[in-house]
Amino acid sequence: MYSRQSVLEAFRQEEYQNLILQNIKLHHQIYTTPIDGIYFEEIINNGLLKLGIETDWNALDKSHKQGVDVCGYSLKTCRLKSGKFAITSFRTTSQKTLEDKLKYVNQIGESIDGYVVCMKDFNKKTGNLKYHIYQFDHGIDFLDVNNFQFESCESGYIGKYGNVTARITFSMSHQLIFSGISFDDMKKNEKCHLICSTEMNIGE
């Protein structure tokens, strides 16, 4: 079975980065649709398997520990638009009060090793598509609810941390979403590490 260190070392290896880029290209030999959800999970997982790392991911069995997708990491895909992006987090419907919701989010957050995030920057008119795949260390500041001052609002709860907004929206299964995250600021964060990036045109 994998170890935390072996997975982290894999993310830093050029061989792993090339495997991810190859799988992205293979995806777009068949599909024009940008990579999302379970397809991203499989790409990340297959790269680890190619390096001989035994993983716990199974495409036919998604009953993994809450918050964890592949080898201790929570995987996210999002769109990069006007230099900013948003990250969807956990649903908190089962928790009644704001205090309970934040405690619940913290408990799940402590159980994961970090995030692997695929940011997609695409132009619908030209068909130009860029992928930026990053690994975020555990405890990254702009995804830590302890850094936000929350208050009630019409749709649920809202909090601010610098330019980042966190919302818990009742009509969306009380899901926590972080928005307004600056791509440029993220790149300067010492807890954010580039795995790979690539650019293509899917309109050709």
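The protein chain holds 5 helices and 9 strands. This is a predicted model. Read from the N terminus, the elements follow the order α-α-α-β-β-α-β-β-β-β-β-β-α-β. The radius of gyration is 17 Å, close to the 17 Å that the globule rule gives for 204 residues, so the chain is as compact as a globular protein of that length. Along the principal axes, the C-alpha trace spans about 45 × 45 × 35 Å.

**Burial, contacts and charge**

Of the 204 residues in the protein chain, 45% are buried. Residues 24 or more positions apart account for 64% of them. The exposed surface comes to about 11,000 Å², and carbon and sulfur atoms supply 46% of that area. Charged side chains number 23 positive and 25 negative. The centres of these two sets lie 6 Å apart.

**Strand β8**

Strand β8 covers residues 175-182. Of its 8 residues, 7 are buried, so the strand is largely enclosed by the rest of the structure. Strand β8 pairs with β2 and with β7. The table sets out both pairings.

| Partner of β8 | Residues of partner | Sense | Bridges |
|---|---|---|---|
| β2 | residues 84-91 | antiparallel | 5 bridges |
| β7 | residues 164-169 | antiparallel | 5 bridges |

Individual bridges can be named on either side. R91 has Q175 of β8 as its bridge partner. I168 is bridged to L176 of β8. Strands β7 and β8 form a hairpin with 5 residues between the strands. In that hairpin, S173 takes a positive phi near 55°.

In a regular strand, side chains alternate between the two faces of the sheet.

**Residue Y157**

Y157 sits in strand β6, which runs over residues 156-161. Its relative accessible area is 13%. Buried means under 20%, so Y157 counts as buried.

What does Y157 touch, leaving out residues up to four places away in sequence? The contacts are L98, K101, F150, E151, S152, A166, R167, I168 and F170. Among them is I168, the residue whose bridge partner in β8 is L176. A166 and R167 are also on the list of contacts, and strand β7 spans residues 164-169.

Y157 and L48 are 109 residues apart along the chain. Their C-alpha atoms are separated by 38 Å.

Methods:
Residues are numbered from 1 along each chain as its sequence is written. This is a predicted model: local features need pLDDT of at least 70, side-chain atom pairs count only at pLDDT 80 or more; totals for chains, interfaces and linings use all residues. Side-chain values use heavy atoms; hydrogens and water are left out. Helices (H or I, at least four residues) and strands (E, at least two) are DSSP runs, numbered from the N terminus. The radius of gyration is taken over C-alpha atoms; the globule rule is 2.2 Å times the number of residues to the power 0.38. Buried means under 20% relative accessible area, exposed over 50%, partly exposed in between (1.4 Å probe, protein chains only). Contact means heavy atoms within 4.5 Å. Accessible areas come from the Shrake-Rupley method with a 1.4 Å probe; for residues, only the protein chains shown count as cover. Lys and Arg count as positive and Asp and Glu as negative; His and the chain ends are not counted. The place of a charge is taken as NZ of Lys, CZ of Arg, CG of Asp or CD of Glu. Two strands pair if DSSP finds at least two bridges between them.
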